[in-house]
Amino acid sequence: MNVHEYQAKELLKEHGLAIPAGHAAMTVEEAVEGAKKLPGPLYVVKAQIHAGGRGKGKFKELGEDAKGGVRLAFSLDEVESHAKEMLGNTLVTIQTGDEGKQVNRLYVTDGVDIESEYYLAMLVDRASGRVAMVASTEGGMDIEDVAHETPEKITTITIDPAQGFMPHHARAVAYALELSGDVNKQCQKLAKQLYNAFMASDCEMLEINPLVETKPDADGKVHLLVLDTKMSFDGNALYRHPAIEEMRDETEEDPAEVEASQYDLAYIKLDGNIGCMVNGAGLAMATMDIIKLNGAFPANFLDVGGGATTEKVTAAFKIILKDPAVEGILVNIFGGIMKCDVIADGIVQAAKDVNLSVPLVVRLEGTNVAKGKEILENSGLPIVSADDLGDAAKKIVAEVKQAA
């Protein structure tokens, strides 16, 4: 699960990280009122969508010369003007795709006088099986570009969860960012706070880009501030964090994926034309691979799990068919805990409910397979049966081509 920038910053504040003052806004009026609470005279108005590259993005409804989704404002009038242009319009960034995302929330923050920008993130490193902290002096840039063009400027520090975060980890982060003096000490403290926030919230990823060093204030003090951040969480651990779960913004998610989550289905929309319904993530991946091997492309990843009911299978089937790109469906079930007759009942019920109009190929194997096939054969529906996965993939690709 992802959250908005302002929500992530609220969580980080709870762990003591230094964050510029800011206020979330759902309306133009709230944006202006939020700005009035800030010291000014410089404000930053930020579009809140679940995508990066907002500053470089473009609004579909505005001209080519219009500013992006992160704008500076030097007066309350400018805050109001920016808010009017952003709210309700569609922001297209490098991460949203051409369709973009509608901006329904803003974040108005205090301006910062920046001296230097850095990159700092935490994630679960699958290669080492540990939590990793990634640091770079190239803050404010796309980290993918840095990794490709100047990988030597990225330092990865892995942390043994049994040992936890140690002082040498903090020193390694500060060294990687080439900091010295008081800012070095601030960085070591911040790195520890970041680790605590990551672990306490069951994060999957926590990114700060940029982490900024400010110019000296009136007292000559330099500050290390979190200027922008992204956080994503392990969905399987959300039951431990009801307050975080309440932050979920379903308007930022694919409606089909939201519906699937309500039935405890693992569904991800893809760009192909053949819908897939499979039990087990590994089998689902293999099914998508063999569809591509036969010259077609999967329209989705959908794992119904090992203990699905007829109702759950029916819901999965309906979700697949809501995708207008789907021209055929391949059901591939290996029944262990999942019984083939339950799957067959769900398929028949769903096909009748939605008035199935695309080819359907079903491969069943395992518990109650004979009963399952009998249900399909006696359904009166044009369901094509397959003997194995290879046979199923060939049949669905052929059926789709013939229907076209």
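This is a predicted model: local features need pLDDT of at least 70, side-chain atom pairs count only at pLDDT 80 or more; totals for chains, interfaces and linings use all residues.
I started with the lining of the second largest pocket and sorted it by class: five nonpolar, no polar and four charged residues.

I checked which elements they come from: α6 (181–200) and β11 (203–214) supply at least two lining residues each. For the volume of the second largest pocket I got about 210 Å³.

Then I zoomed out to the whole chain. I counted 13 helices and 19 strands in the protein chain. Its C-alpha atoms fill a box of roughly 85 × 50 × 40 Å along the principal axes. Of the 404 residues, 50% are buried. The accessible surface came out at about 19200 Å², and carbon and sulfur atoms hold 50% of that. I also looked at contacts between residues at least 6 apart in sequence; 69% of these join residues at least 24 apart.

Last stop, Q48. I found Q48 in the loop between β2 (43–47) and β3 (58–59). Is Q48 buried or exposed? Its relative accessible area is 1%, so I put Q48 down as buried, the cut-off being under 20%. I listed what Q48 touches beyond its neighbours within four places in sequence: H4, E5, Y6, R54, V103, R105, L106, Y107 and E252. For Y6 I noted the atoms too: its backbone nitrogen sits 3.1 Å from a polar atom of the Q48 side chain.

Methods:
Residues are numbered from 1 along each chain as its sequence is written. Side-chain values use heavy atoms; hydrogens and water are left out. On a 1 Å grid over the protein atoms alone, a cavity is a set of points where a 1.4 Å probe fits but cannot get out, and a pocket is an open set with protein on both sides within 12 Å along at least five of seven lines; lining residues have an atom within 4 Å of a point. Grid points are joined across faces, edges and corners, and a volume is the space filled by probe spheres set on the points. Helices (H or I, at least four residues) and strands (E, at least two) are DSSP runs, numbered from the N terminus. Ala, Val, Leu, Ile, Met, Phe, Trp, Tyr, Cys and Pro count as nonpolar, Asp, Glu, Lys and Arg as charged, and the others, Gly among them, as polar. Buried means under 20% relative accessible area, exposed over 50%, partly exposed in between (1.4 Å probe, protein chains only). Contact means heavy atoms within 4.5 Å. Accessible areas come from the Shrake-Rupley method with a 1.4 Å probe; for residues, only the protein chains shown count as cover. A polar contact is a pair of N or O atoms within 3.5 Å; within protein, one must be able to donate a hydrogen and the other to accept it, and residues adjacent in sequence count only if both atoms are side-chain atoms.
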